[in-house]
Amino acid sequence: MQQIKRTIIIAEDDKSFGELTEIILREALDTKYDYSRIDLGSNLDKILSSGAGNIALAVIDDDMKLGLKGSEIIKKYARKVKFPFILNYAPGDVEETIGKQALEDGAVAYFNKSPGTLKLLAEKAKEILEG
């Protein structure tokens, strides 16, 4: 009997960055997880409000199109669901404020959204999921 894989959600409206995030996570975590990419904040909100399913981790962009921002999703769901959130955000003047608030609201980590930090994000994901 084949074991059902848990899913890592990558909520990212920048298609290229979402694909790159998935590639880096797949390399770090082998084939232990399924991956689901979501490009709209409203779609992520619907998935999470419907019970979330078999999710292992959610890596979410703060500034997604349509619907709640990633930081608002974390505030709304992080203490209600049984999986961790990692917040990605674009570089800017308020990045530390956004990240620190996400931690207070229940995220396990935050990263500046750049290709250079994806390896760090993948290492953190592996640490969270595999101990």
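Q: Which residues are buried in helix α3 (residues 70–77)?
A: This is a predicted model, in which local features need pLDDT of at least 70 and side-chain atom pairs count only at pLDDT 80 or more, while totals for chains, interfaces and linings use all residues. Residues are numbered from 1 along each chain as its sequence is written, and side-chain values use heavy atoms, with hydrogens and water left out. Helices (H or I, at least four residues) and strands (E, at least two) are DSSP runs numbered from the N terminus, and buried means under 20% relative accessible area, exposed over 50% and partly exposed in between, with a 1.4 Å probe and protein chains only. In α3, the buried residues are Gly 70, Ser 71, Ile 73, Ile 74 and Tyr 77.

Q: In what order do the elements of the protein run from the N terminus on?
A: The protein contains 5 helices and 5 strands. From the N terminus on, their order is β-α-β-α-β-α-β-α-β-α.

Q: What is the radius of gyration of the protein?
A: The radius is taken over C-alpha atoms, and the globule rule is 2.2 Å times the number of residues to the power 0.38. For 131 residues, a compact globule would have a value near 14 Å. The protein agrees with this, at 14 Å.

Q: Is Phe 85 buried or exposed, and what is its relative accessible area?
A: Phe 85 is in strand β4 (residues 85–89). Contact means heavy atoms within 4.5 Å; not counting residues up to four places away in sequence, Phe 85 touches residues including Ile 73, Ile 74 and Tyr 77, which are buried in α3. Phe 85 is buried, with a relative accessible area of 0%.

Q: Where is Gly 53, and how far is its C-alpha atom from that of Arg 6?
A: Gly 53 is in the loop between α2 (41–49) and β3 (55–61). Gly 53 is exposed, with a relative accessible area of 66%. Gly 53 and Arg 6 are 47 residues apart along the chain, and their C-alpha atoms are separated by 8.8 Å.

Q: How far apart in space are Glu 27 and Lys 100, C-alpha to C-alpha?
A: Glu 27 is in helix α1 (residues 15–29) and is exposed, with a relative accessible area of 62%. Glu 27 and Lys 100 are 73 residues apart in sequence. Their C-alpha separation in space is 28 Å.
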